[in-house]
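Colleague: I would like to go through this model feature by feature. Please give the general idea of each before the case itself.

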Amino acid sequence: MADREDNVAIPGFSFLLQMDPCLKPYEKDFKRRYEQLQKQLLLLEEAEGGFDQFTRSYKTYGVQRQPDNSLVFIEWAPAAEALFLTGDFNGWEKFSHHYTKKEFGKWELILPPKHDGTPAVDHNTKLKVVVHTKAGERLYRISPWAKYVNRDEKSIVYDWVHWDPPQPYIQIHPRPKKPTSLRIYEAHVGIASPEGKVASYTNFTTNVLPRIKDLGYNCIQLMAIMEHAYYASFGYQVTSFFAASSRYGTPEELKEMIDVAHSMGIVVLLDVVHSHASQNTEDGLNRFDGSDSCFFHSPPRGEHSLWGSRLFNYSSWEVTRFLLSNLRWWMEEYCFDGFRFDGITSMLYHHHGIGACFSGDYSEYFGLQVDEDSLVYLMLANHILHTLYPDCITIAEDVSGMPAVCRGVKEGGLGFDYRLAMAIPDKWIQILKELKDEEWDMGNIIHTLTNRRYGEKCIAYAESHDQALVGDKSLAFWLMDKEMYTNMSSLIPMTAVIDRGMQLHKMIRLLTHSLGGEGYLNFIGSRLADWAWCTMACNNFPPVPEVVHHSAACS
């Protein structure tokens, strides 16, 4: 095997070594990864007719309407004893419509059209898969390929809803050209309103998109779009990977929102979560076929001890089909322009980054601690996306600093376009927490802002949802704290705390934008993670795009 690895040629590896000669001792690691990628591509060609066909599996799995209006249902449930389909269409009869077992753990059911020629299952009606296990259990499940799910007001469990509108929305505006310099507006549709309710796709289209355009952004990064039963997870505990969240509206309204953004010359990225999945069983992927594995590794490898979620088995053929088809689905069906891959540090290492202190020593990025199954999956995903969609943008959220994450696959890299400069917001929080103004070390600040790998593009940001929403507070709150509730009005004199806070808020963003990277990200108008004072303060901030502290929906 070693001889074979020595003979593998990575086309652009010599160029990678020119940029970083310190990678030379790890050439065999790069070759082994590249060889695994080439082997995977060859297998896809032999078994599936190539990755183009393979990644279109969303057109065969789940439910598909045929030209004669018959419906074909296909699921992968290798550990199941039997599968049945129930729903509104058959009065919730549990055993009247059974799937036929096929090879490789697949199950198929064909429903002929009604006597009037219409499909047997009407649009916007509920369905369930009934799974019988070898242990005699009867489980009610949502198809992993469900394209729309929602829940009744009094229910806590989501339902699979057959989505096949008679007049689907058709995008009319082409994708904008890939920006040479990204200015990203990170947004959450549900909180993009001062009203005390979950906001909608329509609200975002009407009230938020024009403001984003006026502020000069050329890219929107949407979080919490993939359906998640637990709203407070901010979209990072995904339950239905092919379903756009029904909290904000219908799939057609999301398509219209993206189409309108494209008409404004704005590209739209999806915050995609392929690093883990929710533990939910009735409305998630977990134990879909009754086993503790299926889409995931069996415990303990298949469980994330800190996140309380399940971890995918990236070496599984059907899991690879599911995840790659998921990326293709969002690109084709909704016309997204790329992805921000969440939590890839957890994917890259068997230790998931838990308790790891990444010092920058190269030995930390190679060897047995690296999960090469998931690493090669990321290489494969980037190779396919950039081959099929040359202008596709992919961003890696990696805190470890692994070398070559943002170098091309042909050089032995992972193939991402950008990585998030995650040390920068941590540095600003540390300064505001621990130092007096006169103790700021400009040399240390500049070092943090410019400390990035040569030839690997970074997205700089002073704060994102991680700081403003998840377990911390926004920079403005660190700077001005409780005075924002009482002293933000233009009707009262400026206080020293507010004056200092406003000036430092501007300066932090100016420095970050100027030195931090090849792209810039701002979280939903640098909002302050608290709506209580939003309507009071909306019109009281200076008209500087990067320091607008309120929601983009406020005017």
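**Reading the features**

Modeller: The largest pocket is lined by 28 residues, and those nearest its centre are W307, D342, G343, E397 and D466. Helix 8 (344-348) and helix 12 (465-468) are the elements that give two or more residues to this lining. Bear in mind that the model is predicted.

Colleague: How do the residues of the lining divide into nonpolar, polar and charged?

Modeller: The lining of the largest pocket has 13 nonpolar, 11 polar and 4 charged residues.

Colleague: Which side chain makes a polar contact with the side chain of D159?

Modeller: That of K126, at 3.4 Å. Leaving aside residues up to four places away in sequence, D159 touches K126, K128, I142, Y148, V149, N150 and D152.

Colleague: Now the rings. How many aromatic pairs does the count come to?

Modeller: The count comes to 33 aromatic pairs. Take W76 and F295: the ring centres are 5.4 Å apart and the planes stand at 85°, so this pair is edge-to-face, since planes over 60 degrees apart are given that name.

Colleague: Which parts does the pair of W76 and F295 tie together?

Modeller: W76 is in strand 2 (residues 71-76), while F295 is in the loop between strand 14 (267-272) and strand 15 (303-304), so the pair ties together parts 219 residues apart in sequence. W76 counts as buried at 9% relative accessibility, and F295 counts as buried at 2%.

Colleague: What is the geometry of the pair formed by W428 and W440?

Modeller: The pair of W428 and W440 is tilted, with 6.0 Å centre to centre and 50° between the planes. W428 sits in helix 10 (residues 423-434) and W440 in the loop between helix 10 and helix 11 (442-450), so the parts tied together are 12 residues apart in sequence. Both W428 and W440 are buried.

Colleague: Where is F104 found, and what is its phi?

Modeller: F104 is in the loop between strand 4 (100-101) and strand 5 (106-111). Its phi is near 60°, a positive value in a residue other than glycine. F104 has a relative accessible area of 60% and is therefore exposed. Phi of F234 is also positive, near 55°, and F234 lies in the loop between strand 12 (226-227) and strand 13 (240-244).

Colleague: Last, how far apart in space are H513 and T100?

Modeller: They are 58 Å apart, C-alpha to C-alpha, and 413 residues apart in sequence. H513 is placed in helix 15 (residues 496-515) and counts as partly exposed at 36% relative accessibility.

Methods. Residues are numbered from 1 along each chain as its sequence is written. This is a predicted model: local features need pLDDT of at least 70, side-chain atom pairs count only at pLDDT 80 or more; totals for chains, interfaces and linings use all residues. Side-chain values use heavy atoms; hydrogens and water are left out. On a 1 Å grid over the protein atoms alone, a cavity is a set of points where a 1.4 Å probe fits but cannot get out, and a pocket is an open set with protein on both sides within 12 Å along at least five of seven lines; lining residues have an atom within 4 Å of a point. Helices (H or I, at least four residues) and strands (E, at least two) are DSSP runs, numbered from the N terminus. Ala, Val, Leu, Ile, Met, Phe, Trp, Tyr, Cys and Pro count as nonpolar, Asp, Glu, Lys and Arg as charged, and the others, Gly among them, as polar. A polar contact is a pair of N or O atoms within 3.5 Å; within protein, one must be able to donate a hydrogen and the other to accept it, and residues adjacent in sequence count only if both atoms are side-chain atoms. Contact means heavy atoms within 4.5 Å. Rings of Phe, Tyr and Trp (its six-membered ring) pair if their centres lie within 6.5 Å; planes under 30 degrees apart count as stacked, over 60 as edge-to-face and the rest as tilted. Buried means under 20% relative accessible area, exposed over 50%, partly exposed in between (1.4 Å probe, protein chains only).
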